[in-house]
Every structure is written in C-alpha cells, then in structure tokens.
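Reader: I would like to learn how to read a few features of a structure. Please take them one at a time, with the general idea and then the case at hand.

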Amino acid sequence: MTDELYMQRCLELAEMGMGNVSPNPMVGCIIVNNGKIIGEGYHAKFGEAHAEVNAVKEVTDRFGEAASALLADSTAYVTLEPCAHFGKTPPCADLLIRHQLKKVVIGNRDPFSDVDGKGIEKLKNAGINVVTGILDEQCRALNRRFFTRINAQRPYIILKWATTANGFFAPKNTIQQWISGPLSKKLVHKWRTEEDAILIGKQTAIADDPQLSAREWPGKNPIRIVIDRNLQVPLTAKIYNDAAKTVIINEIKSAVEGNIQYLQMEDMQYYLPQKIAFQLYLMDIQSVIIEGGANILNQFISGGLWDEARVFTSGTSWEDGMASPQVHGIITEQYEVEKDKLTIYQNYSKK
C-alpha cells in the first residue's frame with residue numbers, strides 16, 4: 001500500500017460527512033500499523049468528534065490495553081491538517097501528540113487562520129514525522145466549499161437549471177412545465193441534502209410554488225432563500241411551510257416569525273449577487289444551489305459569481321419559451337440521466 005492509496009481511503013471516509021458537517025470541512029482519518037489499517041474515523045456531524053478522535057477511539061475500543069503501544073508505532077493519515085485550536089472540540093494535533101504517533105501524513109494544509117500550519121508545527125515540534133501534500137488536489141476538491149468560504153469569504157455557488165434541446169428554459173406564460181425527467185428530479189433532491197442552502201427568485205416562487213425540499217432523497221432539507229424585494233410572494237406559498245428554515249431577502253422588513261426570517265437589504269437593484277454572497281457568508285452558509293429563475297441565474301453569471309453549473313438538457317424541444325442562461329466554463333463531467341444529459345461546468349476564471 002502507498003501513501004496515495006491510504007489517503008484515498010481517507011477521502012472515502014471524509015465524504016460520508018457530506019451535508020452534515022458544514023461550516024466545518026469534511027475530514028477522514030485512518031491509522032496504519034505495519035501495513036494494516038487498525039482504526040478509521042471521519043467527522044460525521046458539526047459539533048461532534050473530529051475524524052482523528054474517531055479513528056483513535058476505534059483503535060482503543062478494538063485493542064484495549066494494547067492500543068497505547070500500537071498507536072505509538074503507527075502512522076495517521078488525514079485529509080486535512082489536524083486542528084491546533086480549541087473550538088467546539090479540543091485540538092486534534094494534541095491528541096496525536098498525546099498518543100505519540102510516529103508519523104502523520106496530511107492531504108491539505110488547513111487555510112483557516114486558527115490552524116493554517118500551526119497543527120503541522122505542533123506535530124513537528126513534538127518530534128513526529130510529518131508528510132504533507134498527499135493527493136492534495138483531490139483533498140482540495142472534496143473540500144472546495146470549505147476552501148471557498150475561507151479564502152473568498154463567500155459560499156461555494158452552484159448554479160442549476162434545465163433546458164430543452166433547442167435552448168428554452170421556461171415557458172413564456174406562467175404555466176409550469178417540467179423539462180427534465182423524474183430521475184433528474186431525484187438527483188436534484190440528493191444534491192439538496194448535500195448543500196447548506198437553496199436560492200430562488202420571486203418569479204420562480206410564484207410561478208412554480210416549489211417546496212425546495214429533499215423529499216425524494218433521505219437527508220436534511222437545505223435552508224430556503226427567496227429573493228423577494230417587495231414581499232410579493234403570497235404567504236400561502238409552499239416556501240412558507242415549516243419543512244425548513246426560510247430566509248426572505250427583501251427591502252421592506254427584518255423580522256423572525258417562526259422558521260421564517262425576513263432579512264432586509266438596501267438597494268437590491270445594485271450588486272445583488274455580491275450582496276447576497278457576502279450575506280450568506282456572514283450567516284455561515286458554506287454552499288448554495290441557485291435554481292432560478294433566469295434573471296437571478298444570469299445576474300450571478302454576469303457577475304462571475306459562480307463555481308459550478310449543473311445543466312440538464314432534455315431530449316424534447318419547445319416551439320417557444322424563455323431563452324436558457326448561457327454559461328462559459330470548463331466542462332468537467334457529462335452523464336446520461338435517463339433521457340436527459342447532465343453537463344457539469346467549472347468556472348475557469350476561478351482556476
């Protein structure tokens with residue numbers, strides 16, 4: 001086994017925390033002794049034990065009195081630099097030092113200012129052999145939401161829409177017409193469980209009356225965010241139900257009414273995407289899916305404020321309709337989803 005293969009296992013473990021650890025990063029850890037994995041762990045939920053703690057616990061639970069000697073002769077592999085500060089849990093670097101591990105292999109250095117090299121320094125000062133940068137790119141891709149929030153002071157922004165084969169996004173009337181198929185819809189619900197928030201504009205809320213929930217996939221519902229400048233969405237709309245917290249960004253009032261938060265914002269006609277992105281950052285929202293309408297999507301595209309676009313293209317055509325948004329980015333993945341084609345773009349200007 002190589003360092004890369006062990007780190008790949010850490011990545012698999014880390015991903016199991018998807019949707020449950022924000023605004024923390026996803027982290028996986030394994031402990032290896034004489035070529036055998038003797039303990040595994042991952043950060044499962046925000047506020048709970050970190051990956052290193054869970055991996056060490058598995059070793060102590062499995063091996064009892066022999067655990068101490070085993071750990072002192074072992075290597076820990078971890079996708080992100082062990083923390084060096086007291087947050088909701090004690091520093092993981094201190095834990096590894098206390099158990100006298102002989103070596104720690106790390107994927108990414110942690111960009112968070114309270115860590116950012118301090119964990120590595122602590123480990124080295126304790127005489128532990130530290131290796132960094134193993135599968136650095138893959139580890140960074142896994143935690144692209146976390147890195148974006150820390151480095152850019154905004155959430156990771158995912159644009160999502162469906163288009164007909166001939167480039168229409170929505171009908172010109174207000175009658176709802178589905179473009180993508182049922183399996184695509186289920187996939188979108190899975191995505192919703194993985195991100196912190198989902199955002200739509202007023203017209204989409206009125207025309208489609210969506211629930212913005214993840215009802216077709218097990219997992220949590222995202223925070224629902226609606227851009228409704230003059231509070232025109234009727235209170236009978238489904239986004240006002242109690243399925244999830246809902247934030248209404250508007251120019252009229254600030255208030256909290258049950259699970260509904262009205263967030264007042266001035267001059268929404270100017271730099272709206274930038275204002276929204278910073279406001280979500282202040283709310284510790286690490287990632288957001290923007291599902292429409294076309295006006296909101298185009299504003300974020302024009303402002304260059306997006307990281308990923310997920311576009312379903314249907315096999316059907318319409319005679320008329322509203323033109324689909326156009327995004328210029330790097331195509332990183334393409335899939336067939338029943339009769340739809342899913343294309344995933346990355347914003348090349350962010351590379």
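Reader: Is T343 buried or exposed, and why?

Author: This is a predicted model, and the values here are computed from it. Burial is judged by relative accessible area, with under 20% as the cut-off for buried. T343 has a relative accessibility of 4%, so this residue counts as buried. T343 belongs to strand β17, which covers residues 340–346.

Reader: What does T343 touch, not counting residues up to four places away in sequence?

Author: The contacts of T343 are with A309, R310, V311, I331, E333 and Q334. With Q334 there is also a polar contact between the two side chains, at 3.1 Å.

Reader: Where does Q153 lie, and what is its phi?

Author: Q153 is in the loop between α7 and β6 (156–163). Its phi is near 55 degrees, again positive in a residue other than glycine. The relative accessibility of Q153 is 43%, so Q153 counts as partly exposed.

Reader: Which residues of helix α10 are buried, and what follows the helix?

Author: Helix α10 spans residues 272–282, and its buried residues are L272, P273, I276, A277, L280 and Y281. After α10 comes D284, with a positive phi near 60 degrees.

Reader: How should I read a cis peptide bond, and where does one occur at a proline?

Author: The angle to look at is omega. The peptide bond from S22 to P23 is cis, with omega near 10 degrees. P23 lies in the loop between α1 and β1. A cis bond also runs from G292 to G293, where omega is near 5 degrees. G293 is in the loop between β13 (287–292) and α11 (294–302).

Reader: How many cavities of 30 Å³ or more does a search of the whole structure find?

Author: Rolling a probe the size of a water molecule over the atoms shows where empty space is left. Here the search finds one cavity of 30 Å³ or more. The largest cavity has a volume of about 110 Å³. Its lining consists of 17 residues, and V21, S22, M26, R145 and Q286 lie nearest the centre. By class, the lining holds six nonpolar, eight polar and three charged residues.

Reader: What does E15 touch, not counting residues up to four places away in sequence?

Author: E15 touches M26 and L142. E15 is in the loop between α1 (3–14) and β1 (28–33), and is partly exposed because its relative accessible area is 46%.

Reader: Which residues does UniProt list as "binding site" together with R215?

Author: An annotation is taken from the record, then compared with the model. In an unreviewed entry, UniProt lists R192, L212, R215 and E291 for "binding site". L212 lies in the loop between α9 (202–208) and β9 (223–227), and R215 is found in the loop between α9 and β9. L212 has a relative accessible area of 2% and is therefore buried, while R215, at 44%, counts as partly exposed.

Reader: Which residues are in contact with R215, leaving aside neighbours within four places in sequence?

Author: They are K185, H189 and R192. R192 is also among the residues that L212 touches, along with I198, I200, P222, R224 and I239.

Methods: Residues numbered from 1 in each chain as written. Predicted model: local features only at pLDDT ≥ 70, side-chain atom pairs only at ≥ 80, totals over all residues. Heavy atoms only, no water. UniProt positions renumbered as here; feature names shortened; annotations may be inferred. Helix = DSSP H or I, 4+ residues; strand = E, 2+ residues; numbered from the N terminus. Buried < 20%, exposed > 50% of the residue type's maximum accessible area, 1.4 Å probe, protein only. Contact = heavy atoms within 4.5 Å. 1 Å grid on protein atoms, 1.4 Å probe; cavity = no way out; pocket = protein on both sides within 12 Å on 5 of 7 lines; lining within 4 Å. Points joined across faces, edges and corners; volume = space filled by probe spheres on them. Nonpolar A, V, L, I, M, F, W, Y, C, P; charged D, E, K, R; others polar. Polar contact = N/O pair within 3.5 Å; in protein donor to acceptor, adjacent residues only side chain to side chain.
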